[in-house]
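I opened my notebook to look up a few places in this structure. My entries follow in the order I made them.

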Amino acid sequence: MAILTKAIRGTQDVLPQSSYKNRFIEQTMLEIGENFGFKEIRTPVFEHTELFNRSVGETTDVVQKEMYTFDDNGGRSVTLKPEGTAGAVRAFIEHGLFNEPMPQKFAYVTPCYRYEKPQAGRLREFHQFGVECFGAGDPSADAEVIALAKSIFDFFGVDDLTLEINSIGCQKKKKKYQEALKEYFKSKREDLCETCKGRLARNPMRILDCKSPVCSEIAAGAPKILDYICDDCRSHFELVQKYLDAFSIEYTVNPSIVRGLDYYTRTVFEFVTGSIGAQSTVCGGGRYDGLVAELGGPSVPACGFAVGLERFMMLLEARSIELPGENPVDLYIASMNTEANITAAKLAAEVRSEGVPCLFDTVGRSLKAQMKYANKIGVLFTVVLGTDEIEKGTAKVKCMADGTEKEISLENFAEDFIKMSINKAVDDFDTGDMNIDLSSVLGGLK
Ligand code: HAM
């Protein structure tokens with residue numbers, strides 16, 4: 001039955017052969033975030049449905065069409081998070097973090113769920129790295145979160161992302177803009193999709209990010225919000241640009257960017273690429289000064305962004321950007337008989353307790369098959385234990401890259417192995433052979 005052996009459409013497995021890449025990317029992003037003062041927050045994967053209705057917005061595509069919403073056994077409507085901001089804001093309010101020194105800066109890696117039509121770069125379960133900065137209304141904060149995103153892309157060597165920014169102003173002038181949009185769309189009502197017909201009365205701005213090709217074409221000619229924002233918002237936006245200049249970050253002002261979520265105010269931005277097809281927005285974010293209050297907290301300004309990790313990985317692949325390889329297994333202890341294998345288990349435990357990745361045979365293979373396996377999985381060193389080795393109390397450790405061997409004691413196995421492997425790596429480094437990646441050996445010593 002395919003239902004038992006096929007993952008749900010729009011979801012992806014990350015297999016052991018490649019999961020090191022995801023881990024490296026996620027850890028690196030969190031670490032770069034830490035350099036900017038963002039600390040990790042983890043919030044539940046599901047929340048009360050109302051939280052997303054109120055924050056993301058009732059008239060958005062996400063809430064209207066894409067949420068995974070269900071009643072739990074207690075009859076409460078819950079929703080798998082379609083994005084990371086709402087949960088972070090809820091946690092910020094619930095734990096009274098507005099009483100802590102501002103700004104409060106959070107970073108997260110989270111799965112997200114949206115019932116969208118799956119295609120390359122568009123999944124139903126996807127992952128975001130995101131940051132949220134609370135309590136900083138100054139334009140420098142907008143520029144700083146953008147600078148963080150840029151630092152991440154620079155670190156990975158991604159050079160074909162362009163930054164597009166816009167300001168959608170504050171609530172004050174939004175009414176006037178909504179009216180202008182209503183006026184514009186009214187004459188084209190018959191051509192709009194059914195959802196957008198409903199949006200026309202309730203929230204015409206959301207027509208601007210409808211995914212239907214006809215609505216998108218009509219939306220392209222709509223009035224631009226930049227022509228409607230108030231003076232305060234205009235100077236805020238100008239200062240954001242001055243800070244971006246100070247950070248030497250290139251950008252273009254794109255008056256069509258309004259973002260698909262209702263909570264944004266003032267600055268909005270996207271990093272887009274031409275390398276991964278139609279789903280070209282790798283990172284999106286902006287300011288949301290009204291959301292904390294909207295959800296029941298005090299009035300606290302905030303801004304942030306999220307990077308879609310699957311799209312980011314597609315981009316790395318498209319640009320042939322290599323990530324550091326998987327950590328190799330340092331040592332494989334092969335054995336010639338059961339008694340030797342029991343000693344192998346004991347030695348493996350000693351070596352592992354020093355932090356060195358080490359394997360021995362748990363399949364019952366012949367010695368030849370064990371060595372073949374060790375070779376196949378790219379082990380750095382092997383050692384063979386038989387009755388002779390156990391009697392003598394020493395065994396030869398072989399470097400798989402160049403075949404050189406060194407005898408070490410079984411009594412002091414873990415310590416001698418570590419010393420030997422470091423000496424070998426240093427000798428190789430000196431002679432330029434570089435058979436062993438020193439970092440992998442030293443990694444075991446941490
Ligand atoms: P968003 O633009 O909806 O913003 O999503 C951010 C990123 O998540 C997108 O740029 C894209 O890379 C990725 N993404 C979105 N939907 C999918 C999908 N179906 N499949 C694969 N990737 C996807 C937010 O979610 C905001 N919470 C960002 C934010 C944080 N704004 C302020 N703080």
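**Entry: Asn 53.** I asked which residues Asn 53 is in contact with, leaving aside its neighbours within four places in sequence. I found Glu 58, Val 63 and Met 67. Asn 53 sits in helix α3, which covers residues 49–55. I noted its relative accessible area as 14%, so Asn 53 is buried. I also wrote down that the model is predicted.

**Entry: Ala 7.** Next I looked up Ala 7, in the loop between α1 (2–5) and α2. Its relative accessible area is 44%, which means that Ala 7 is partly exposed. I then took the distance from Ala 7 to Leu 244. In sequence these two are 237 residues apart. In space, C-alpha to C-alpha, they are 43 Å apart.

**Entry: α6 against α10.** Helix α6 (residues 139–155) packs with helix α10 (residues 231–246) at an angle of about 45 degrees. Their axes are 8 Å apart. Because of that angle, α6 is oblique to α10. The crossing of α6 and α10 is right-handed. Which residues make the contact? From α6 I listed Pro 139, Ser 140, Asp 142, Ala 143 and Ile 146. From α10 I listed His 236, Leu 239, Val 240, Tyr 243 and Leu 244. Sorted by class, the contact of α6 with α10 has seven nonpolar residues, two polar and one charged.

**Entry: α2 against α12.** I turned to another pair. Helix α2 (residues 19–35) and helix α12 (residues 309–318) pack at about 110 degrees, and their axes are 12 Å apart. So α2 and α12 are roughly perpendicular to each other. The crossing of α2 and α12 is right-handed. On the α2 side, the contact is made by Lys 21, Asn 22, Ile 25, Glu 26 and Met 29. On the α12 side I found Leu 309, Phe 312, Met 313 and Leu 316. By class, I noted six nonpolar, one polar and two charged residues where α2 meets α12.

I stayed with α12 and checked burial. In α12, the buried residues are Leu 309, Glu 310, Arg 311, Phe 312, Leu 315 and Leu 316. Ser 320 follows α12, and its phi is positive, near 50 degrees.

**Entry: cysteines.** How many disulfides are there? The count comes to zero. Cys 170 has 17% relative accessibility, so Cys 170 counts as buried. Cys 283 is in no disulfide either. The nearest cysteine sulfur to Cys 283 is that of Cys 303, 12 Å away. Cys 283 is buried, with a relative accessible area of 1%.

**Entry: backbone.** Last, I looked at the backbone. The peptide bond from Met 102 to Pro 103 is cis, and its omega is near 0 degrees. Pro 103 lies in the loop between α5 (85–94) and β5 (104–113).

Ser 248 has a positive phi, near 55 degrees, though not a glycine. Ser 248 is in the loop between α10 and β8 (252–253). Buried or exposed? Ser 248 is exposed, at 62% relative accessible area.

For Arg 266, too, phi is positive, near 55 degrees. Arg 266 belongs to strand β9 (residues 265–273). Its relative accessible area is 17%, so Arg 266 is buried.

Notes: Residues are numbered from 1 along each chain as its sequence is written. This is a predicted model: local features need pLDDT of at least 70, side-chain atom pairs count only at pLDDT 80 or more; totals for chains, interfaces and linings use all residues. Side-chain values use heavy atoms; hydrogens and water are left out. Axes are lines fitted to C-alpha atoms, for helices over the stretch in contact, and angles run from 0 to 180 degrees between N-to-C directions. Helices (H or I, at least four residues) and strands (E, at least two) are DSSP runs, numbered from the N terminus. Angles under 35 degrees count as roughly parallel, over 145 as roughly antiparallel, 65 to 115 as roughly perpendicular and the rest as oblique. A crossing is left-handed if the near helix is turned anticlockwise from the far one by less than a right angle, and right-handed if clockwise. Contact means heavy atoms within 4.5 Å. Ala, Val, Leu, Ile, Met, Phe, Trp, Tyr, Cys and Pro count as nonpolar, Asp, Glu, Lys and Arg as charged, and the others, Gly among them, as polar. A disulfide is a pair of cysteine sulfur atoms within 2.5 Å. Buried means under 20% relative accessible area, exposed over 50%, partly exposed in between (1.4 Å probe, protein chains only).
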